[in-house]
Amino acid sequence: MTSTGGLRGASARFVVRNRIAFVCAFVLFIVLAGTGTAAALWNTSASLTASAGIATAAGNCSPNYLKNGSFETPVVSGVTTKAVDPWTTTDPAGIEVWPDNTGGVRSALGSQFIELNASRPGTISQVISTTPGETLQWSLLHRGRDGVDAMQVIIGASVATAVLQTTVSDDKGAWVRSSGAYVVPAGQTSTTFGLKSVSTASTQSSLGNLVDGVSFGSGSCLNSVSTVTNTGNGGGAVRPGDVLEYVTTVTNTGGAPAIAAVLAETLPASLTPSTTSFVMTGGGSAAVTSTRTLTARMGYGASTTAGGVIDPGVTVGFRFLATVGSTAGGTSIDYSPSIAYADQLTPTWPLGVSPAALSTPVVFGADIVAGASVVRSALPGGKGTFAFAISNTGPLTATALRVNVTFPRTFSPESTTQSGSMPAANCTRTDTTTTFEFACLIGDYTAGASGVMNVTGTVSGAQNSPITAKLVATATSTDPNSANNTSSTTMTTLESTPPLQVVQTTATGTTPTTTTLNWKPGSDNVGVVGYNVYSGTGGAVIATSTSTSVTLTGLAPGTTTTYSIKAVDASGNLSADYSNVVSVTTPLAPISTTAVYTITKKPMWSSETLCLDASGSGQSEGTAVTQYPCNGGSNQRWQFVATSTADYYTVHPLYTSSLSWAVKTQWVGASVQLLNTKTSASNEQIWKRVAAGGGMVQFQNGHGKCLTVPGDASTHALQLQQADCSNSNDQFFTMTVAN
Amino acid sequence: MARHRAGTATSPLHIRGLLSAASIFAVAIFMGLTATGGTYALWNTTASIPGGTVTTGSAELKINNLASYTVPALAPAKLYPGRSIVSAAPMNFSNTGTTKLLFTPTSTVVTVDPSFSGWVDIALTPATATTCSPSSSGSTPVSASVTIAAGAAVSMCLEVRLKPTAPASVQGKTVTFSMAVNATQVRP
């Protein structure tokens, strides 16, 4: 038993030890395993890939959208409950349509809206075609009738299965916009949009939930058109000064509201807008900056700083007037605004639309040009006349041309006459304490017309007192240059005292064709205003001057002329006496050895002018120098060659330089003929030119004898001779350059 | 005798008991030490030990039965600023291993035009129905960590949201991305 008991005892100890060891091992396992870090835990992974497309704001225009969202049809004259296509309603009575301003409630959009609670709380809905996956937008304007009304926006495959999008709850007093987006589920090709009445502030369930401007579609889509109309010129051609009316309309033909709609345009310098003419249709405001940037914030809810909403089917507009600048004639005025906006779903992605650009050509108006002058001055008590010239340089007719002339009281206008293309004027005179106003209606004045209106009146002022008349011409047509519509002139009242005689007239700087006359300043009781220059005394006035000198030009060389001066005063009085006479002899022009001359002779008793002629163009010595009718031949044209003796030349015909004028003896009566030109010419062959007065010359050879036509005869082919020099016509010739 | 009897303390029976206890300790130490290893812990073998058998486990996560899954198509809708699109149907995330897993989307990489990465939020969230729905407007979708029991599965939805501040330059583009989903064994 003991042994057995000992064995049992040993076995028992063994079991106990194993249990203790197992427990310790388990504890150790747990401790060791449990003390590991997180990394010690088992890991695995999977992955996925996918793609997502981002919408395009500009691609959201679609013809499929909710129709008649502003309940504009059928048109009702009072609150009417009836069918409103294409809406459907659960109310058997129909949809209750309110015209604008019913019960003091203005339509949010258009001219009508509805009360959702018609004969009872109901649901109105409309079905549109949709594409699965597309994102649609909805928007509406809602307000309570008597307090806070609430309704649900439901969208789905049908009214029965439509999903609540939101519950809109708004108080009375103002329209409140609600909007949202809806993604068309897979397989849903038609979608129902519905509004379901929830509650009303009224005790009657048939009252409440006013609704307007409902939209449901895929995106906004703006179209814009601009027009320009000339409010002036009968709507015809645009002229400077005309007022243009610009109208830009913007229509949302899409299915969702366009937001932040702002029109912008930088106006050209030739167009000045009238800020008081700005008219916004559909809400908004407009302004223009000093840099001519025109900004119109358009649409429902637009403010002075932000563009508004243009709901689907709604057209908004901006109209303004602008004046065409005076310098715009001949140019075109461009107007090409742009309208920036955004879609509700992509408010930060800008969209834009621009109407077709307008280019307005501007014609010139009627440019009236006025000019005033004095026709006749007068002594005090006499009759003076002013001339007022009016012309229209076009290009258009000046309409209702009116001329106003203002005279001082020292000139009393009495009569008018018209000349040129100016029609008879209808004038009236108005007397004031300081002026006489002469107002004349001339009427239409065609382009190119030019005429003068003379006004004659009595001068009543003292001698020498100035009378200034001022002319102003106006017309109802546009004038591109109004600065030349005014002109003034001054008439000085005449006096009769002449200036004193001018003295100390001299001539200086005389050339063959010019001379300068100088004199002492004249003296007058009022003042000298100018001088008349006379040839000799008693002749015609050959020149005038406002100073004390004058240069005469175009004088004949080798001539002597006398000149005298008279002073002129403002009344036109002349000095009673001529000044001292000054004689001016112009020198001959120097002989040019490169020129060819014809030498003519006019016998005293003949009207025929003959030319010196190398007879028969002879080539040999002894060829006679004769006078012969002029024929331009080379034997009638002569060249002068300088010699070693000052002022003396040899003279040979153009056709040969080897022969030249000569005489064979020094005796009077020796014939002039052509002899061989000697290198060192003798007195018989050298000639000098001497001024003979009146532009004529004599030819004197080295012996002091002069070329002479014997007897001053007019005989053709008569050979010339030498004779003692005398101041007689038979020795006077005229030289004329002939090359 | 008393000493001899004392010697009987090392009898064969006694020795076997000691050896048995020592072997249990050795297995325990070995198990404890090797359990602190890394991912090579995906053992698929067994080992027999005297006195008992310890079988290793496995950890495996699949999306619609694939370790790498390509979402065939998100909803055909397009992304708008501040709006989401979701996978057409929930995806099945299954734990085909032998241990409970906690999985979390850990990284998302936009693979086509990475410049878009700043403009989209991508998240995996548990499906609440048989279809997927975007998270509420105005919020940013956030991925959720989900625990799956061994052999179990959960339905998850993929949501992609374009940030409200996305510039107009991204419109009309396509965002392609990959998402890694890491799962970790949940301690027993």
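View 1. Asp712(A) is partly exposed because 17 other C-beta atoms lie within 10 Å. On this scale 20 or more other C-beta atoms within 10 Å make a residue buried, 12 or fewer make it exposed, and partly exposed is in between; C-beta atoms are placed from the backbone. This is a predicted model: local features need pLDDT of at least 70, side-chain atom pairs count only at pLDDT 80 or more, and totals for chains, interfaces and linings use all residues. Residues are numbered from 1 along each chain as its sequence is written, while chains are lettered from A and ligands numbered from 1 in the order in which they are written. Asp712(A) is not a glycine, yet its phi is positive, about 50°. Its loop runs between strand E50 (705-708) and E51 of chain A. Strands (E, at least two residues) and helices (H or I, at least four) are DSSP runs, numbered from the N terminus.

**View 2. Gln719(A) in strand E51.** Strand E51 of chain A covers residues 718-719 and includes Gln719(A). Gln719(A) counts as partly exposed because it has 17 C-beta neighbours inside 10 Å. Leaving out residues up to four places away in sequence, Gln719(A) touches Ala624(A), Val625(A), Thr626(A), Ser671(A) and Val672(A). Contact means C-beta atoms, placed from the backbone, within 7 Å. Ser615(A) is 104 residues from Gln719(A) in sequence, but the C-alpha atoms are 8.8 Å apart in space.

View 3. Gln504(A) is not a glycine and has a positive phi near 60°. The residue sits in the loop between strand E33 (486-492) and strand E34 (506-508) of chain A. Gln504(A) is partly exposed because 13 C-beta neighbours fall inside 10 Å. Most residues other than glycine have a negative phi, and most peptide bonds are trans.

**View 4. Two cis peptide bonds.** Thr73(A) and Pro74(A) are joined by a cis peptide bond, with omega about -5°. Pro74(A) belongs to the loop between strand E1 (43-53) and strand E2 (80-82) of chain A. The bond from Asp85(A) to Pro86(A) is also cis, with omega near -5°. Pro86(A) lies in the loop linking E2 to strand E3 (88-89) of chain A.

**View 5. An open four-stranded sheet.** The strand order is E37-E36-E39-E40 in chain A, and the pairing is antiparallel. Strands pair if DSSP finds at least two bridges between them. Strand E37 (541-545) and strand E40 (582-585) of chain A are the edges, each pairing on one side only. From one strand to the next, the twist averages 30°. Strand E36 (residues 528-535) and strand E39 (residues 560-569) of chain A share 7 bridges. Val533(A) stands opposite Ile565(A) in E39(A).

**View 6. Nonpolar cores.** The largest core has 117 residues, and Ala261(A), Met298(A), Ile310(A) and Tyr341(A) have the most contacts inside it. Strand E15 (residues 258-266) of chain A gives the most to this core, with 6 residues. Another core, of 34 residues, lies apart from it; among them are Phe388(A), Met422(A), Tyr445(A) and Val459(A). A nonpolar core is a set of buried Ala, Val, Leu, Ile, Met, Phe, Trp, Tyr and Cys residues joined through C-beta atoms within 7 Å.

**View 7. Confidence in chain B.** Chain B averages a pLDDT of 72, and 66% of its residues score at least 70. pLDDT is the predictor's confidence in each residue, from 0 to 100. Confidence in chain B is lowest in helix H1 (residues 2-7), at a mean of 33, and highest in strand E6 (residues 91-95), at 93.

Conventions:
Axes are lines fitted to C-alpha atoms, for helices over the stretch in contact, and angles run from 0 to 180 degrees between N-to-C directions. Two residues are in contact if their C-beta atoms, placed from the backbone, lie within 7 Å.
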